[in-house]
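Open your viewer and get ready to click along. We will stop at a few places, and at each one you will hear what to select and what is there.

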Amino acid sequence: MAKLKDLTAIAGKSKGFVEEFKDFITKGNVMDMAVGVIIGASFQSIISSLVDDVIMPVISVITGGIDFSNYFVALDGGEYKTLAAAKEAGAVTLNYGNFITVIINFLLMALVIFAMLKFLNTLSNKMRKEEAEEAVPDTKECPYCMQQIPIGAKKCSYCTSDL
């Protein structure tokens, strides 16, 4: 009998847990975060293309076509012309050139994302400022007759009261 009461108490707590979880999942912040992750994943391909297809070729021209992918150290002591040749020979390599390339790509992506967010924030601030300017009232309510009158009025045009 005591075990049945314990199970009922646990079942009651689980239902509360399930309800709490349902409330958590359906709150706006979680949904906003999910949408952000999905859009971010899609946006990543755009940023990758911008970096790989537009920015990196320009950097390659500026740096004289340096290819960091062939910067490596063969840990077996052998000398190989390319990373592909070292891998073909079965050598264990420390590929610091690939690491440099990944760091450069990361910094460029971060720069592009920063620039885009800065642009979007500036645009958003301009829109908020315009909305705030539009929200400035141009009328006020007469305290005597409760009619709307121009904000700068000294006398109510409806009840002729001095304001």
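Start by selecting Cys-142, which is buried, with a relative accessible area of 0% (buried means under 20%, exposed over 50% and partly exposed in between, using a 1.4 Å probe and protein chains only). Now show its sulfur: the closest cysteine sulfur belongs to Cys-156 and lies 3.7 Å away, which is too far for a bond. A disulfide needs a pair of cysteine sulfur atoms within 2.5 Å.

Next, click on Cys-156. Cys-156 counts as buried because its relative accessibility is 1%. How many disulfides does a search of the whole structure find? It finds zero.

A word about what you are looking at: this is a predicted model, in which local features need pLDDT of at least 70 and side-chain atom pairs count only at pLDDT 80 or more, while totals for chains, interfaces and linings use all residues. Residues are numbered from 1 along each chain as its sequence is written, and side-chain values use heavy atoms, leaving out hydrogens and water.

Now select Lys-155 and Asp-162 together. Their side chains meet in a salt bridge, with 3.0 Å from N to O. The rule asks for a side-chain nitrogen of Lys or Arg within 4 Å of a carboxyl oxygen of Asp or Glu, and by it the count comes to one salt bridge. Asp-162 counts as exposed at 55% relative accessibility, whereas Lys-155, at 46%, counts as partly exposed.

Move on to Glu-130, in helix H4, residues 96-134 (helices are DSSP runs of H or I with at least four residues, strands are runs of E with at least two, and both are numbered from the N terminus). Glu-130 is partly exposed, at 47% relative accessibility. Patches take residues with over 30% relative accessible area and no salt bridge, joining like charges within 9 Å and nonpolar side chains (Val, Leu, Ile, Met, Phe, Trp, Tyr) within 5 Å.

Thr-101 is also found in helix H4, and it is partly exposed at 25% relative accessibility.

For the last stop, select Ile-66, Tyr-71, Val-73, Leu-75, Val-92, Leu-94 and Tyr-96: they form a nonpolar surface patch with about 630 Å² of accessible area together (by the Shrake-Rupley method with a 1.4 Å probe, where for residues only the protein chains shown count as cover). Leu-75 sits in the loop between strand E1 (73-74) and helix H3 (83-88).
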